[in-house]
Protein chains: 2
Amino acid sequence: MDFKEKTIRSEYIYKGKIVNLRVDEVELPNGKISTREIVEHGGAVGIVVLFDRKEVLLEKQFRKPLEDELLEIPAGKLENGESPSSGAERELLEETGLTNGKWVKLGGFYSSPGFTNEYLHIFLCEDPDNGEPAPDEDEFIRLVRIKLEDLMSMIFNEEVRDAKTVAGLLMALSYISSKES
Amino acid sequence: MDFKEKTIRSEYIYKGKIVNLRVDEVELPNGKISTREIVEHGGAVGIVVLFDRKEVLLEKQFRKPLEDELLEIPAGKLENGESPSSGAERELLEETGLTNGKWVKLGGFYSSPGFTNEYLHIFLCEDPDNGEPAPDEDEFIRLVRIKLEDLMSMIFNEEVRDAKTVAGLLMALSYISSKES
């Protein structure tokens, strides 16, 4: 059985710098009509930076939607036509000044597929070198190093409470433990 | 140093059934003016359902933003004023017919804090009983059971590629291995 929803009408409500908002009228598999609110996003990358397999680098950043600061892995939007791996290297250098390092792609996921097509590509970068950061002029970031043995409790007590960060860190921990065993 | 962004002006572009879109003009910590596109969302729950610590229950569902079907843990929006634990029990029963079971809260996270305040509360429900499903009339869901030993490869090859599902499953696996050791 095919659960595809056929688009009957599609209307852009807003086109912005980070997201567009579109409302689609759709025909459901049972023939009924419904609407879907869709936030279009160009995709992004997130990077788990690991030093000596002992510490991970997180960023503390004010997030306007929450009116609060949040601990996150370095991340950013892909530019037009940019490959995920190039975007990951660019974002890491811009936000942290870190460069080189041993890179591997861990995987990826949709951030909230019920209403947005944003896809996040997740990379691991081990033991990068220091370089010169160049943050966007509307980005204010503090870097924080966290010991691997502290991560689990920070995730389970919601001190680390960002989806890409929780998923990326747990993927990285699984990845390195599979390599070590 | 305080990185808070002061709101100068705030405008609603759209108020919908799942999301609202708001654009804020903000004053950055350096005094410059910028805009933030904010998707307001009422919060949601996701449930990792585990049978006999051997199999997990996932849902296959068409997602209009991606024009594709996706494997996800059971999840849904919180209703007005509803507690996360009540919402989790309600959503699981509606979507799968499963009820009772041994519940524990695993944690929670923002799905994409750069542009939305959506927060997901993640629960583990072990060995629930069968009851009567009652899905929303615009929801079409197929239930799939996956063996725990197959999960890791499905996550790393992006067959499972939904943030709450990746994060929730990896949290659940950590949780049960910490209880077993």
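Symmetry and contacts of chains A and B

Chain B of this predicted model can be laid on chain A with an RMSD of 0.0 Å by a turn of 180° and a shift of 0.0 Å along the axis.

User: What kind of axis relates chain B to chain A?
Analyst: Superposing chain B on chain A takes a turn of 180° and a shift of 0.0 Å along the axis, with an RMSD of 0.0 Å. That relation is therefore the one given by a two-fold axis.

User: Which residue of chain B comes closest to the rotation axis?
Analyst: The distance is taken from the C-alpha atom to the rotation axis. At 2.1 Å, the closest residue of chain B is Ala167(B).

User: Why do the copies meet through the same surface?
Analyst: The contact joins 54 residues of chain B and 54 residues of chain A. The copies meet through the same surface because the interface residues of chain B that are also interface residues in chain A make up 100%.

User: Which element gives the largest share of the side of chain B that touches chain A?
Analyst: Elements giving two or more residues to this side include strand S1 (6-15), strand S9 (102-110), helix H2 (148-156) and helix H3 (163-180) of chain B. The largest share is seven residues, and the element that gives it is H3(B).

User: How many residues of the side of chain B that touches chain A are nonpolar?
Analyst: In all, 54 residues of chain B are in contact with chain A. By class, this side has ten polar and 16 charged residues, and the nonpolar ones number 28.

User: Which are the edge strands of the open sheet in chain A?
Analyst: The sheet has three strands in the order S1-S2-S3, with antiparallel pairing. An edge strand pairs on one side only, which in chain A applies to strand S1 (6-15) and strand S3 (33-41).

User: Which residue is the bridge partner of Leu21(A) in S3(A)?
Analyst: Strand S2 (residues 19-27) of chain A runs antiparallel to S3(A), and nine bridges join them. In S3(A), the partner of Leu21(A) is Val39(A).

User: How far apart do the C-alpha centres of domain 1 and domain 2 of chain A lie?
Analyst: Domain 1 of chain A covers 6-40, and domain 2 covers 42-180. Their C-alpha centres are separated by 30 Å.

Note on methods:
Residues are numbered from 1 along each chain as its sequence is written. Chains are lettered from A and ligands numbered from 1 in the order in which they are written. This is a predicted model: local features need pLDDT of at least 70, side-chain atom pairs count only at pLDDT 80 or more; totals for chains, interfaces and linings use all residues. Domain bounds come from an automatic or database domain assignment. Two strands pair if DSSP finds at least two bridges between them. Helices (H or I, at least four residues) and strands (E, at least two) are DSSP runs, numbered from the N terminus. Copies are superposed by least squares on the C-alpha atoms of residues with pLDDT of at least 70 in both. Two residues are in contact if their C-beta atoms, placed from the backbone, lie within 7 Å. Ala, Val, Leu, Ile, Met, Phe, Trp, Tyr, Cys and Pro count as nonpolar, Asp, Glu, Lys and Arg as charged, and the others, Gly among them, as polar.
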